[in-house]
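Please look at the structure below with its sequence beside it.

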Number of protein chains: 2
Amino acid sequence: VSAVPREYGLLVERARETGYVGSAQALLAWDEETGMPPRGLEYRAGQLAFLAGWVHERFTAAEVGEWIARCEAQEWAADSVEAANVREWRRAYDRETKLPRRLVEETKAAQSHGQHAWAAARASSDFAAFAPHLETLLALRREAAECWGYAAEPYDALLETYEPGLTSASADMLLGTWQRELVPVLERARSRPRPAGIAADYPADQQRAFNATVARAMGFNLEAGRIDTAPHPFCSRIHPGDVRLTTRYDTGDFTSSLYGVLHEAGHGMYEQGLAVDAFGQPAGEVLSLAMHESQSRLWENHVGRSAAFWEHWYPEACRVMPALRAFSVDQVLAHVTRVEPGCIRVEADEVTYDLHVVLRFRLERAMVAGDLAVADIPAAWNEGMRALLGVEVPDDARGCLQDIHWSMGAFGYFPTYTLGNLNAAQLMAAARRDLPGLDASLATGTANGLLGWLRDRVHRWGGRLRAAEIMRRATGSDTGTEACRAHLLARYG
Amino acid sequence: VSAVPREYGLLVERARETGYVGSAQALLAWDEETGMPPRGLEYRAGQLAFLAGWVHERFTAAEVGEWIARCEAQEWAADSVEAANVREWRRAYDRETKLPRRLVEETKAAQSHGQHAWAAARASSDFAAFAPHLETLLALRREAAECWGYAAEPYDALLETYEPGLTSASADMLLGTWQRELVPVLERARSRPRPAGIAADYPADQQRAFNATVARAMGFNLEAGRIDTAPHPFCSRIHPGDVRLTTRYDTGDFTSSLYGVLHEAGHGMYEQGLAVDAFGQPAGEVLSLAMHESQSRLWENHVGRSAAFWEHWYPEACRVMPALRAFSVDQVLAHVTRVEPGCIRVEADEVTYDLHVVLRFRLERAMVAGDLAVADIPAAWNEGMRALLGVEVPDDARGCLQDIHWSMGAFGYFPTYTLGNLNAAQLMAAARRDLPGLDASLATGTANGLLGWLRDRVHRWGGRLRAAEIMRRATGSDTGTEACRAHLLARYG
């Protein structure tokens, strides 16, 4: 390996600049969801659009292409930060340079307006009020897909945004297989007795204290992060030393905020585990949403809904939230592992969740292909819910208006949720093989063995390896349905 | 007036861009004080330095100079937004182009490091630990002053940053006069009986609720702003529709947080009153810190410490904070108008406050001139406190390390506090002449007449008029000591 060329240093410097601005965008977006006064909204939308355009322009400048080409002529060590950066800069450069800045800014502005129109439309269950925004976003994303190009269908180009290498055909095959396998699991799970629940009064302050204790014990570093309140749980990475989770509080059921925190802390620990000195470079980022979701689902479901977890945490939960004393640890466990088909994806149990994803995947693929008109979405949605889950959708607010994704033009995002579930189960099975004492370690609540294993097998790689390679090295095989099926059968069969 | 030249539009567009980034900087800085996790600190400092350098570069580009020159060849309507923008862009351009980007970024980074070194040094009262940072900052600001140039002494160039048109000589004259006039006022005020105080337990939540009610009643719009907690009260303008105040809570004395809010809400209402469509342009900014401080001091002292204010608010304060019922309205009023020389500027009463400013002005002027070595500051400070206020300083934490300003290299800032006090009194006297029912309106708590008058005479001008012109039009004369002297004698004599 010869000396690092000057051009590599210039690319790192450019990435530092766009990283600074990207991090500012992340804070502006976090703030918009957590604390911005209403009158700041319109300006914020213009500001975010401008910054997105600026990052686009800096990264797609002609000199950047020349620097990348020069670096491609170089030999780099396998698995090195440098090799990954050059490879991923090339991929991103080729994609980004195909988009005119006008389209980048228009899309960003349409996302801001779409989100706020969606929030209002959902509040009044008025799909017609949101439809024109959806038309606009669909047209803009189709335009982007045409700019990028694709092998088989425009949806391929959109999938590539969230999951490099994933195609419509491969997603269709995997999701189809998984759907067929889920049917008998769901039948068995539904035959279990329905638990009585744990309804009581759990003040938000008590929930907040308990959530922070659990998140810290799992390994989420509160010196390098925060937990705030927002209408929807999300994780926002300002920097690996500044990772912010949000959750929301239902005073009638503390597990709603708790599992929001466990899920987002899974994302957050991944971000906290990235290499600080590669921040802003592809090697310092998570490039696969399916890998990201594998971490959130692993901590939320495999750790957080396990019997060992509740054996350990039940006494502390009762101490912090005295109302819980009216219920036994078994009742808590039954409550958090109940299976019940419903309308809302984010409230869905582990068994039915992916069926919600299947519906969205099919609808958005048809929308992008031009086979499903925006006006026909509500009917197609309701029919799909009937067919897949046997559920009647009472209104569009609880139907096709429930998710934020389409209001941001994020077509192609949903399949990564299911891939994340499959990856989570496969990683957990591998960790269990590698760490004989793992279940005992979950029971103590510290789960340190697990976090260390994930840091080593997943987190530290950042974008240095593609998702498929991370999965193969960590688990011995490609993403499949076997581990997840075994997990669901063991827990719900 | 002929058609607006194309170049004016280009300047507005450039200001829109730098405004977007400036607003992001403001949010990043606000966040650093209110919620950023500790591990985010180092990155944030580099990020803010980069953004400052970016704004500098965009504004000092050669084409900007050409556009300004083209616009100067145009006739603009008197008092117009356009005329002010062209005038102030010229002033800023001529100053900014004299600074190399390297100096801008170095100064920004030194400010971040200086602030954190200062906070640690103050906590342990260790001036020696802070001294090297102060040397660096002093050198950087002297270098900037040499770049800018000055008529008589380098300190002139620094004053110009905070108060366009103010010179060392004129500040010295005004502060000297005012100091001499304050001596007999202070003597009289000190002969008043010392009040017993209102010590009790005032929970922070109660204070928070009361402060928000008062701020809203004065006219601070909480749809376009927030009130948060931070170690020091400050006001941060992200946008005229997003203005954020902070305060801190002393559970033994609710007036500490209340007057923090009243002060910052004075700043905040000024920002909320600026023209939204000129945001980012000089015409949409407050260019004079003395004008800014006139608003904070007016609401804090002239409104908030008046008998009429407490007649109105005492019952509500007792309702929200039941512990206050142990004290009479007269005791509250006596407490908030007590006069007592002390070590700490931000806790100083109206009479002694400006003597703290006089000390800082003299010391920093000597520092910048090279007549006072950094190592000699503690002794000079303590001697000055003895001479001006008759106060013995127990340690540097309560002496020369108490203020944040020098840790940010903000030499030349302090005099604007006293100018602000003088302006506040002069504006209040003028408002009282123009609005016969003003004192009754304060007593109702709404004070709408006063805010409307300030909006019309001060706020709406933004940077369209220089401070001196705003004062002349609003009050009929230049900034002087007469109104403030009359106010203090009426209240404390």
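In chain A, the buried residues of helix 7 pack against helix 4 (81-96), helix 6 (127-148), helix 8 (168-190), helix 11 (289-303), helix 14 (353-369) and helix 16 (415-434). This is a predicted model, in which local features need pLDDT of at least 70 and side-chain atom pairs count only at pLDDT 80 or more, while totals for chains, interfaces and linings use all residues. Residues are numbered from 1 along each chain as its sequence is written, chains are lettered from A and ligands numbered from 1 in the order in which they are written, and side-chain values use heavy atoms, with hydrogens and water left out.

**Helix 7 of chain A**

- Helix 7 covers residues 154-162 and is mostly covered, with eight of its nine residues buried (buried means under 20% relative accessible area, exposed over 50% and partly exposed in between, with a 1.4 Å probe and protein chains only).
- Among these buried residues are Pro154(A), Tyr155(A), Leu158(A) and Tyr162(A).
- Helices (H or I, at least four residues) and strands (E, at least two) are DSSP runs, numbered from the N terminus.

**The contact between chains A and B**

- Chain A gives 36 residues to the contact and chain B gives 35 residues, where contact means heavy atoms within 4.5 Å.
- About 2,900 Å² is buried between chain A and chain B, and carbon and sulfur atoms give 63% of this area (buried area is the accessible area, with a 1.4 Å probe, that two parts lose on being put together, summed over both).
- On the side of chain A, Tyr20(A), Tyr43(A) and Phe50(A) lose the most area to chain B, together 24% of what that side buries.
- There are four salt bridges between chain A and chain B, each a side-chain nitrogen of Lys or Arg within 4 Å of a carboxyl oxygen of Asp or Glu.
- A salt bridge joins the side chains of Asp242(A) and Arg44(B), at 3.3 Å from N to O.

**How the two copies are related**
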